[in-house]
Amino acid sequence: MMRSLRFLLVPALFAAATPALTAAPRPTSADLVVYGGTASGVMTAYSAAKQGLRVVLLEPTGHLGGMVTGGLSATDYAYFGIIGGYTREFYRQAAEHYGTHDLLHPTDWLSEPKVGEAIFNAWLKTANVEVHLNERLKEKGGVEMSGKQLTALVTEDGKHWTGKVFADCSYEGDVMSSAHVSYTVGREGMDAFGESLAGVRPETPKHQFLFPTNVYDDQHKLLPEVDPGPLKAGGSADKKVQAYNFRLILTDDSANRMPWTKPTGYDAARFALLARYLKDYKAHTGHDPVLRTVTNPVCFANHKCDFNNNGAFSTDYLGKSWSYPDASYAERRRIWNDHVLYTQSFFYFLATDPSVPQSLRDDANKWGRAKDEFTDTDGWPRQLYIREGRRMTGAYIMRQADLQTERTKPDSIAMGSYNSDSHNVQRVAMPDGTAFNEGDVQVAVQPYEISFRAILPRPGEATNLLVPVCLSASHVAYSSVRMEPQYMMIGQAAGVAASLAIKGKEPVQQVPIDQLQAILRRDKSILHLDQQEPHAVSRIHPEP
């Protein structure tokens, strides 16, 4: 039996102890210090370096790219005519790897994780960005400040990374939090910003049980993976966040496919509700269940597909992400590893358990992890899909109106167009004894402009920090802007803004927007509704 990889997918939690007589490391100085080598972090660092800054990029793990190189190959582009700048060039180069020289079709935007990572690494090397992997922020005392200015980041090995401007491009927002910048976690109520999509969702037809499914066993004990409830009133606020998952890259190429193996800690009983649902599936739907019934594969090159959540019971680990945003490193590791075990167990259950209909078992066994992806973690993705964590309460808070009715911004730095898309937050036992998945939001939007102020802390809190990922938005607005192409385009703007702030010796909040926009336009960013890329076909590609 292959040993479990649960403890290989997260960065080491404890750095080696420094001998008592060893001198403290000398500080490393840069113009811009970027924390988080997500795709947004790479773009922020690359953009700033192209402006002539000396840039240090710190990444807590051993790889760059976040979800773009961590399994999310089915790019969430929506209207890809609004994707410009370095982000468009990244996807163009990825497409070129497969012999495609334009981005006119939806399939042109899909690529293998290893291809994206190679492009990112090459770009940063060419731009002379100083990249340091496996450098995680010290959990307490990781940000040093003088008044409202950050002066240094301190990593777990005791190194100090001084800078003039800092960018928190992590999915967790730990620099932002450690700098005492205001933020929120969870869902606002409908009354907070007058948002019709806010708060608890009493009606969520997507990714729902297609027929009543009992959540109690014969002794009236609640089955695993179900919250006892009760469900709060529709539209009310809570501190819960949408589900996380891993995006697996699977292949049906027998020469490149690894078999499903039983993970350490496997317990088939946790899927009792899924087994009950699958048992009755054909009787209620008229169809034999297959792998697409419980996952959403989007296929691309070399017999590979990105497998995402789909349906009532899938790869989304409902209800297990709530405490992650503000958790300690140790607790985050527990949550991360729990997601790994859930994912490994889910696919092993589908492939082997006698309660699973034969049609689904047979289909699951046609697929397996690709040997040539995530080679240091046995084909399992390295990045947990943290769809939403902390959200800054910044100089401007994006909200539902910014996606629907107030779509233009004088200080636009990028555009978005993806659905208001929140995954389910919880699976609740209803009073009638059936299961209900709650939290899903899927509402189409038209292209909208993203305000520069959404990545700026309030001036009274921090004057040299940019936050392109955990940006300032309500839960509803964040559900659209959270897509990786938007993070990347915002990162490009953050890099230019850092350069202007340093050159002008001014707070990031006072960067001249006309200068920022002029540089972004020069580098082919698309900032306004009348600038959409010509000849680009508008397509919607929903991220279920």
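I began with a term I needed: two strands pair if DSSP finds at least two bridges between them. I kept in mind throughout that this is a predicted model.

**Entry on the sheet**

I then traced the whole open sheet, in which five strands follow the order S11-S14-S10-S13-S12 with antiparallel pairing. Which are the edge strands? I found them to be strand S11 (257-258) and strand S12 (295-299), each of which pairs on one side only.

**Entry on the disulfide**

I searched for cysteine pairs with sulfur atoms within 2.5 Å, and the count came to one disulfide. Cys299 and Cys305 form this disulfide, with their sulfur atoms 1.9 Å apart. I also wrote down that the link of Cys299 and Cys305 is right-handed, with 90° about the S-S bond.

**Entry on two helices**

I turned next to helix H2 (residues 85-96) and helix H3 (residues 113-126), whose axes come within 10 Å and cross at roughly 125°. Because angles over 145 degrees count as roughly antiparallel and those from 65 to 115 as roughly perpendicular, I recorded H2 and H3 as oblique to each other. The crossing in which H2 passes H3 is right-handed. On the H2 side I listed Tyr86, Glu89, Phe90, Gln93 and Ala94 as making the contact, and on the H3 side Val115, Gly116, Ile119, Phe120 and Trp123. Sorted by class, the contact of H2 with H3 has seven nonpolar, two polar and one charged residues.

Conventions:
Residues numbered from 1 in each chain as written. Predicted model: local features only at pLDDT ≥ 70, side-chain atom pairs only at ≥ 80, totals over all residues. Heavy atoms only, no water. Helix = DSSP H or I, 4+ residues; strand = E, 2+ residues; numbered from the N terminus. Axes fitted to C-alpha atoms, helices over the stretch in contact; angles between N-to-C directions. Parallel < 35°, antiparallel > 145°, perpendicular 65-115°, else oblique. Left-handed = near helix turned anticlockwise from the far one by under 90°. Contact = heavy atoms within 4.5 Å. Nonpolar A, V, L, I, M, F, W, Y, C, P; charged D, E, K, R; others polar.
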